[in-house]
Amino acid sequence: MVADIKLQTEEPLVRVRGLSKRYAQGHWFARKKYLIEALSGVEFSIRPRSTLAVVGESGAGKSTLARCLARLEEPSSGEIWYEGKSLLDLPSKDRLWVRRQIQLVFQDPTSALNPRLSAVEIVAEPLVIHGEGSKVDRRERALTAMEQTGLSPQWGDKSPLEFSGGQRQRLALARALVLGPKFLILDEALAGLDLSIQAQMVNLLLDIQATQALTYLYISHDLALVSNIADEVAVMREGTIIERCRTSELFNNPRHLYTQQLIASIPRLGSHA
Amino acid sequence: MRYFFRRLIHTMFLLLGVSVLSFLFVALAPGDYFEEMRLNPQISQATVAAMRSKYGLDQPLPKRYFRWMQSVLRGELGFSFSYDTPVRPLLVARAKNTLLLTATAALLSWLVAIPLGVWSSSRKAKWLDRVLTLGTTTLLAIPDLMLALVLLLIALRTGWFPTGGLHDIRFSRLNAWGKVEDTVAHIFLPVMCLVLGSLPILFRHIRSALVEVLDSPFIRSARGHGIPEGRVLFLYALPAAANPLISLFGFSVGTLLSASLLVEVLMSWPGIGPLLVEAILARDIYLVIGAVMFSTLFLVGGNLLADLLLYLADPRIRME
Amino acid sequence: MIRDHKLWLILAVLASAHLIVLWAHFFAPYDFASQERAIPFAPPSRLHFVDPEGHFHMRPFVYLWEPRPGTETLGAYVEDHSQAFPLRFFVRGARYKIAGIFDSSWHLFGVEEPARIYLAGSDDYGRDQFSRLLYGGQISLFSGLMAAGVSLALGLVLGALAGFYGGLVDDVVMRCAELFLALPWLYLLFAVRAFLPLHIPPTQAFLMLVLVIGMVGWARPARLIRGVLLSAKERNYVLAARGFGASDFYLLRRHVLPEAYGLLLTQAALLAPQYILAEVTLSFLGLGVGEPVPSWGNMLASLQKYYVLTSYWWMFVPGLALVSVFLLYYQLCKVLQEQVKLVRF
């Protein structure tokens, strides 16, 4: 109980209120435009150094949420607060600062890494964009970031095509970390990897979170994986969050029918169909 | 049906766009038909000015466009200064000849290209395929201009074929069979040139389309069932490769039209080509615009035909 | 880098052809306009090593062409064996200017006056076809190359605008491209040409050809580039870079445009011969560069007269040059298409 009260009082790092995103479909001069509502009134907050997992089936609006938070898409309405600042009407001098604070890691590392560049060029890219350091300096920092994610600096000049799937995701993670962000959005970052590699990556993510005081928003459709990494889980369906609670609570006492179905669908050894 | 209706409207917009584009070029162009007259000391400046105003050349461009549109709706397509008649009858007479030439050439080149392409693809990397591929590569590098000149040279040296025009002077006195014979003799050379010019491209596309299809599992299983090779090639593989080839047909109409422009001029075939060149040299702008519009019409017609064929050939499109 | 000997060989041959043509005033023995009215349609000079007495000479020589006695036909010539004119290298001849500044009169080869050396015969004014071929190449080869440059530049800018920004820009640009593609392109080219003055000085005519040909052909490369950029900009690494705060300019330069480089190269190799042919066609029909300045097109134009076509085979020489250049470009195109897929730019 005591801990709970403490948690309640701590100022959240990210707070989202009434976030909505609608896409208009159809031609620009077509009279009939129909709207697709990807997000409608999403609300949540994340405490510093904690992990919130957002789960839901595909098409629930998880990736749209990630892109809105990473400022890759403009939400139709709602508010996003980060460290007490509203991201949607930020003074232009703070825009690059936010880009430094919030990073997104994509599901498919292969398409997220430009095959024309070398590993170290990829990791150093955020530094180039932010105009930081000399060329030598940038390379040094990129190699350090690679080392943090368990990649040998000797591989720096390789093409990302020469890396395995897990290594590529480590590379993408290194790139996300190189600017020293505080908030990482992992959009299905471990989906598509082998189970053993997933486990390694979960450990890596937890390590990095502890050492660098990171906050995670972990987006997944895989409830089993979520139970290993998240402090809290939000269940999303059709663009809204229908249930939100601590991870242990969710598994022991799912309130929403849909959540129960999700949990029941986790494959278990020895379970009967 | 709605699909073709949509295509038709699209075509109308396209033609409208082409006409606006042509008029824009007119606006940017210095000088006109009567410019030459002005240099002639025997014609007074007042006469030139009067003629210019008679044909509306002194009017601002939008007004001229509007007047031209009116004449299009009357079915005249503007007025030719050098022939002193409306443009349409001039063009229609010529367009028939161009149509005869390009349609014959299109038909023939497809009739030759399909068996060659199929044959070559079924003997991939054997000597026949190599010879055909090498031959078409070489042919590809010989521009229509050179083909036409060489063919003309052969015709002149051997005297086997008449080297120009549409008919012999005795044409009107010939009987029906003689007329056909005479036309075939006259059309042979330009058609030959167009066929040789378009053959390599068609051959290559047909070959590569078929090579791709022949690699697919359903062909391998058909062969495995012991279905005769000719049947596999023409009844199984060719229809499966039809879609890209039909699209290619629409495209080939365009290249044939462009090629025929030059061939017509060189072999004095009385089509749109020589008329266009003449009109350009005489600065007869409405005739130029008319010729361009007609050629666009042909091309669009070819594409519509390709769409129709695609519609008939592909059940997936019919379902939509 | 590309490690393909065939590619470099083709490029080297093409480049040297362009260079020779560019320095035509040195490689050509005569000026393109210098006439020898007494001997129209002289056949190519024969290089002799053995004189009438049967002596062998290390240095080849030519004889004067003389009209065949007793014939009235044009171009019936016999060699005048009374005097031999040895072929000499690095000789002084017609004066010209290097880069428009330095005066020079050096030529790679020549023979002493009054003899003339015609490597590819002479035309109806007795002008040296070989010299005219080189000078004509300046117009024909470079107008094609430069027009391809114009088309690709236009296609790149418009295709990039359409593909990268999408929306209204995309719609407008692509409708325009459709319009240009809906026209048979030679007709379009002629139409645009129709609205420009007929008789213009050679330099202007050259520039006009480059611009007209280049501008008429922008639509296809623009469409292809748009297609490439459309898929390139959707790649996650572009989104990722955007997430780091990259500007549009950075994204285009670093991630999106490099995808189009391979396409640009193959398109250049495809368009250049097509545009050379366009120039040749226009000049052939008298709509391009006019006499006395040669282009391969207006050199071939004399073949429109049947007696030239049937009697003087050397008038086909520009056509042979054209076909060889085409073969080179097509081979280049083929090799590039194979290579571009494998290459990191």
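In the predicted model, 20 residues of chain C are in contact with 25 residues of chain A, and the two chains bury about 2100 Å² between them, with carbon and sulfur atoms giving 55% of that area. A count of salt bridges between chain C and chain A returns one, in which the side chains of Arg116(A) and Glu259(C) meet at 3.7 Å, N to O. Across the interface of chain C and chain A there are also seven residue pairs in polar contact, both residues of each being at pLDDT 80 or more. On the side of chain C that touches chain A, two or more residues each come from helix H4 (167-182), helix H8 (236-243), helix H9 (248-256) and helix H10 (258-284) of chain C, and H8(C) gives the most, with seven residues. By residue class, the side of chain C that touches chain A divides into 10 nonpolar, four polar and six charged residues.

Two pairs of chains are in contact, and of these chains B and C share the most contacts, whereas chain A and chain B do not touch, their nearest C-alpha atoms lying 15 Å apart. Between chain B and chain C, 47 residues of chain B are in contact with 39 residues of chain C, and the buried area is about 4000 Å², of which 81% is given by carbon and sulfur atoms. The count of salt bridges between chain B and chain C is zero, and two residue pairs are found in polar contact across their interface, both at pLDDT 80 or more. The side of chain B that touches chain C draws two or more residues from each of helix H1 (2-28), helix H6 (127-141), helix H7 (144-158), helix H11 (242-266), helix H12 (272-281) and helix H13 (285-313) of chain B, and its residues comprise 35 nonpolar, 10 polar and two charged.

Chain B itself has 14 helices and two strands, and 48% of its 320 residues count as buried. Of the contacts in chain B with a separation of 6 or more, 73% are accounted for by residues 24 or more positions apart. The accessible surface of chain B comes to about 16200 Å², with 68% belonging to carbon and sulfur atoms.

Within chain C, helix H5 (residues 185-194) is largely enclosed by the rest of the structure, because nine of its 10 residues are buried. The buried residues of H5(C) are Leu186(C), Tyr187(C), Leu188(C), Leu189(C), Phe190(C), Ala191(C), Val192(C), Arg193(C) and Ala194(C).

Technical notes:
Residues are numbered from 1 along each chain as its sequence is written. Chains are lettered from A and ligands numbered from 1 in the order in which they are written. This is a predicted model: local features need pLDDT of at least 70, side-chain atom pairs count only at pLDDT 80 or more; totals for chains, interfaces and linings use all residues. Side-chain values use heavy atoms; hydrogens and water are left out. Contact means heavy atoms within 4.5 Å. Buried area is the accessible area (1.4 Å probe) that two parts lose on being put together, summed over both. A salt bridge is a side-chain nitrogen of Lys or Arg within 4 Å of a carboxyl oxygen of Asp or Glu. A polar contact is a pair of N or O atoms within 3.5 Å; within protein, one must be able to donate a hydrogen and the other to accept it, and residues adjacent in sequence count only if both atoms are side-chain atoms. Helices (H or I, at least four residues) and strands (E, at least two) are DSSP runs, numbered from the N terminus. Ala, Val, Leu, Ile, Met, Phe, Trp, Tyr, Cys and Pro count as nonpolar, Asp, Glu, Lys and Arg as charged, and the others, Gly among them, as polar. Buried means under 20% relative accessible area, exposed over 50%, partly exposed in between (1.4 Å probe, protein chains only). Accessible areas come from the Shrake-Rupley method with a 1.4 Å probe; for residues, only the protein chains shown count as cover.
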